[in-house]
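Subject: Structure handover

Hello,

Here is the structure I promised to pass on. Please open it and keep it beside you while you read my notes.

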Amino acid sequence: MTKYFDTLETRSLDERHAQQSAGLMEQLARATSADGNCLDTSGVSGIDDLAKLPVLRKSELVKWQAEKPPFGGINTSNVAHIFQSPGPIYEPGGISHDWWRIGRFLHALGIGKGDIVQNCFGYHLTPAGSIFENGARAVGATVLPAGTGQTELQVRAAKDVGSTAYAGTPDYLKVILDKADEMGVRLGFTKAAVGGGALFPSLRQEYADRGILCLQNYATADLGNVAYESQAQEGMIVDEGIILEIVIPGTGIPVEPGEVGEVIVTSLNPDYPLIRFATGDLSAVMSGTSPCGRTNMRIKGWMGRADQTTKIKGMFVRPEQVADLVASHDGIERARVVASRADEKDVLTVQIESAGTDASTFEQAVQATLKMKGKIELVALGALPRDGLVIEDQRSYD
């Protein structure tokens, strides 16, 4: 097996930037909004201008799809499957070579021709099973489409067909292995490709103690592969078929390098052009490149949810409102809403990074954007943590 899936993984930064900028412009030419009108791409000539375009959120996609089923008027092609995810949101799926780009992840794990992948992701309505099957085919592996449940049958099948690799959620492999121990059956898994949940270090080590190399990837039903671990196990390498941004939650404004923010993805898949699609997940960019030799950007993996919508004093406060507050006043650099309790009542505190010294000058902007009054605390420029939180709930629910 060759070290890399293809030459895209070792491109120079300048080469990747130029090629992805060209791919972005081709994608913008394909992309249409829900009402069939082309995106306003004036002033956009490449990746450096991406932040000029609007962010597409899942709530908008649900609305678009209700108006123009099944895909909201977005130009699609080569659709072989239609999947449904909670929302509901409908996603197209293709069957061409590595349509979801999972083959790159499986190759990094060492899965290829001669491997039998026991695919324990679900196959019904949701796309995860098909996503990983498509990736396994791309690297020449054979697939046992096991799905979930029926653990004793999973053990029997793994033993009978000689499964060498597992694909599924991190926890379910342990369920299979423990059942095999109980049945006195020795299984031949040596590799595990996991996703859809947290891979805790202790669980990874338990698999390693059994002789199983376990790596994780980050994928979504809408986008396919977003980022993946290599055997270096230092961060997650961004997939070559997307452009990834980290922005301040509730906005489309990029964070400073290394800061935590919301993951925004532009897909370069010509069959389903999603532009600046908000995943709702938090992460941060890591400095440098992977020791494995792959040169693309790395992220720290999943670091929480960006949708921090919180009910305070009986009203919802959303990240978008905090972003509107910052935009509404020239004197506000950053802001954070803090929910707390005092005297059995909710307390709303708005922490504002500002060079100003008079909190009262921000009262009108706070009330107009958050639709309620609150205590205003001025903090020095740069004082708010760059941890991705724009709404912090300090209330105890115990």
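This is a predicted model: local features need pLDDT of at least 70, side-chain atom pairs count only at pLDDT 80 or more; totals for chains, interfaces and linings use all residues.

The crossing of α6 past α7 is left-handed.

Which residues of α6 and α7 meet? From α6 come Pro170, Asp171, Leu173, Lys174 and Leu177. From α7 come Leu203, Glu206 and Tyr207. By class, this contact of α6 with α7 has five nonpolar residues, three charged ones and no polar ones.

Helix α6 also packs against α5, residues 151-161. Here the axes come within 9 Å and cross at roughly 80 degrees. That angle makes α5 roughly perpendicular to α6. On the α5 side, the residues are Thr151, Glu152, Gln154 and Val155. They meet Tyr172, Val175, Ile176, Lys179, Ala180 and Met183 in α6. The contact of α5 with α6 divides into six nonpolar, two polar and two charged residues.

Now for the pockets. The largest pocket has a volume of about 980 Å³. Its lining holds 37 residues. Nearest the centre of the largest pocket lie Gly195, Gly196, Gly197, Tyr218 and Ala219. Helix α7 turns up again here: α7, α4 (128-138), β2 (89-93), β7 (213-220) and β12 (277-283) each give at least two residues to this lining. Which element gives the largest share? Strand β7 does, with five residues. The classes in the lining of the largest pocket are 17 nonpolar, twelve polar and eight charged.

The second largest pocket has a volume of about 650 Å³. It is lined by 28 residues, and the closest to its centre are Ile47, Ile243, Leu244, Asn296 and Met297. At least two lining residues come from each of α1 (13-30), β10 (242-247) and β13 (285-286). Strand β10 gives the most to the lining of the second largest pocket, with five residues. This lining has 15 nonpolar, seven polar and six charged residues.

About 40 Å³ of space lies in the largest cavity. Its lining is made up of Trp99, Trp100, Arg101, Asp222, Leu223, Gly224, Ser267, Asn269 and Tyr272. Four of these lining residues are nonpolar, three are polar and two are charged.

Look in the loop between β11 (261-267) and β12. What does leucine 268 touch, leaving out residues up to four places away in sequence? Its contacts are Gln20, Gly23, Leu24, Gln27, Gly241, Ile242 and Ile243. Leucine 268 and glutamate 240 are 28 residues apart along the chain, and their C-alpha atoms are separated by 9.0 Å.

Best wishes

Terms used. Residues are numbered from 1 along each chain as its sequence is written. Side-chain values use heavy atoms; hydrogens and water are left out. A crossing is left-handed if the near helix is turned anticlockwise from the far one by less than a right angle, and right-handed if clockwise. Helices (H or I, at least four residues) and strands (E, at least two) are DSSP runs, numbered from the N terminus. Contact means heavy atoms within 4.5 Å. Ala, Val, Leu, Ile, Met, Phe, Trp, Tyr, Cys and Pro count as nonpolar, Asp, Glu, Lys and Arg as charged, and the others, Gly among them, as polar. On a 1 Å grid over the protein atoms alone, a cavity is a set of points where a 1.4 Å probe fits but cannot get out, and a pocket is an open set with protein on both sides within 12 Å along at least five of seven lines; lining residues have an atom within 4 Å of a point. Grid points are joined across faces, edges and corners, and a volume is the space filled by probe spheres set on the points. Axes are lines fitted to C-alpha atoms, for helices over the stretch in contact, and angles run from 0 to 180 degrees between N-to-C directions. Angles under 35 degrees count as roughly parallel, over 145 as roughly antiparallel, 65 to 115 as roughly perpendicular and the rest as oblique.
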